[in-house]
Amino acid sequence: MSTRLDHRNPLVFDTHELGRRPGAMQRLTREIEAPGSPALGIEGVIGVPQGAPVQLEIRLESVMEGVLVTGTAHASAEGECVRCLEPLELELDADFQEMFSYPDADDRGRAAEPADDAEDDEDRLFLEDGMFDLEPVLRDAVVLALPMQPVCQDDCPGLCSQCGVRLADDPDHHHDAVDIRWAALQGLAGTIQDGEKDEMSGAGDAGVDEKQEK
């Protein structure tokens, strides 16, 4: 039966050399280009650009039920500061560990019975013809390792709420504050003054009308 995985894919690993003897171990290093669509990271926030180099350090360990994969991905992530919107870059170390089960073995490493629960299988990752695809595991690891709200520096003051100026570039930046209580009184005073002017104007018009009648 042919496998659905392509051994030419740099994120597909072959475990045939490891064998199925419990305790056998193999260490691998591989540099790949970050996959895209979807992005490797938190889309629209921060992530490893498509095609950027990703260094993988992986340990394969044969156990009763499959192959335990442990490793670390090293890469540079790019994003935007959530406070000042400036572009930023950070070094990323994403750790991961995942079990890839033999398709013919249950959790105790024995031949699986046909009555095994299908729902349990949905949550498990399986080897296909002795190979596994690391991409979904890598994506999850990178997302967990990245900050949900990246900042260019821990004390980034952000942007001015009134004019949008980046405060880190102008620490003395400020606007003359107006007490909203006084602003309300000034508005009330203006209304009263306008009313008085209207009354005076009305009185003047009445005087002119009286003179015209005489």
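At 5% relative accessibility, C156 counts as buried. The model described here is predicted. Its protein chain holds three helices and nine strands, which follow the order β-β-β-β-β-β-β-α-β-β-α-α from the N terminus. Buried residues account for 29% of the 214 residues in the chain.

**Cysteines**

- The cysteine sulfur closest to that of C156 belongs to C152, at 3.7 Å, which is too far for a bond.
- A disulfide requires sulfur atoms within 2.5 Å, and the count of disulfides comes to zero.
- C152 is partly exposed, with a relative accessibility of 30%, whereas C156 is buried.

- The protein chain exposes about 14,500 Å², of which carbon and sulfur atoms supply 49%.
- Of the contacts between residues at least 6 apart in sequence, 64% join residues at least 24 apart.

**Strand β6 and its partners**

- Strand β6 is mostly covered, as eleven of its 15 residues are buried.
- β6 pairs with β7 in the antiparallel sense over 15 bridges, and H74 stands opposite D93 in β7.
- The hairpin formed by β6 and β7 has six residues between the strands, and L85 in the turn has a positive phi of about 70°.
- β5 and β6 also run antiparallel, joined by nine bridges, and a hairpin connects them through two residues.
- Within the pairing of β5 and β6, L56 stands opposite A73 in β6.
- β4 pairs with β6 in the antiparallel sense over two bridges, and I46 stands opposite G79 in β6.

**T72 in β6**

- T72 lies in strand β6 and is buried at 17% relative accessibility, because the cut-off for buried is under 20%.
- The side chains of T72 and D95 are joined by a polar contact of 2.8 Å.
- Beyond its neighbours within four places in sequence, T72 is in contact with Q55, L56, E57, D93, A94, D95 and F96.

**The largest nonpolar core**

- The largest nonpolar core contains 37 residues, of which V48, V54, L56, V69 and L134 touch the most other members.
- The elements giving two or more residues to this core are β3, β4, β5, β6, β7 and α2.
- In soluble globular proteins, nonpolar side chains tend to be buried together.
- Apart from neighbours within four places in sequence, the contacts of L56 are L11, F13, L28, T29, R30, I32, T72, A73, L134 and L138.

**Helix α2 and L138**

- Helix α2 spans residues 135-145, and its buried residues are V137, L138, R139, A141 and V142.
- The cover over these buried residues includes β2 (25-33), β3 (40-42), β5 (53-63), β6 (66-80), β7 (87-101) and β8 (125-126).
- L138, which is placed in helix α2, is buried with a relative accessible area of 1%.
- Setting aside neighbours within four places in sequence, L138 is in contact with L11, I32, L40, L56 and A73.
- L138 and G71 are 67 residues apart in sequence, while their C-alpha atoms are 9.5 Å apart in space.

Technical notes. Residues are numbered from 1 along each chain as its sequence is written. This is a predicted model: local features need pLDDT of at least 70, side-chain atom pairs count only at pLDDT 80 or more; totals for chains, interfaces and linings use all residues. Side-chain values use heavy atoms; hydrogens and water are left out. Buried means under 20% relative accessible area, exposed over 50%, partly exposed in between (1.4 Å probe, protein chains only). Helices (H or I, at least four residues) and strands (E, at least two) are DSSP runs, numbered from the N terminus. Contact means heavy atoms within 4.5 Å. A nonpolar core is a set of buried Ala, Val, Leu, Ile, Met, Phe, Trp, Tyr and Cys residues joined through side-chain atoms within 4.5 Å. A polar contact is a pair of N or O atoms within 3.5 Å; within protein, one must be able to donate a hydrogen and the other to accept it, and residues adjacent in sequence count only if both atoms are side-chain atoms. Accessible areas come from the Shrake-Rupley method with a 1.4 Å probe; for residues, only the protein chains shown count as cover. Two strands pair if DSSP finds at least two bridges between them.
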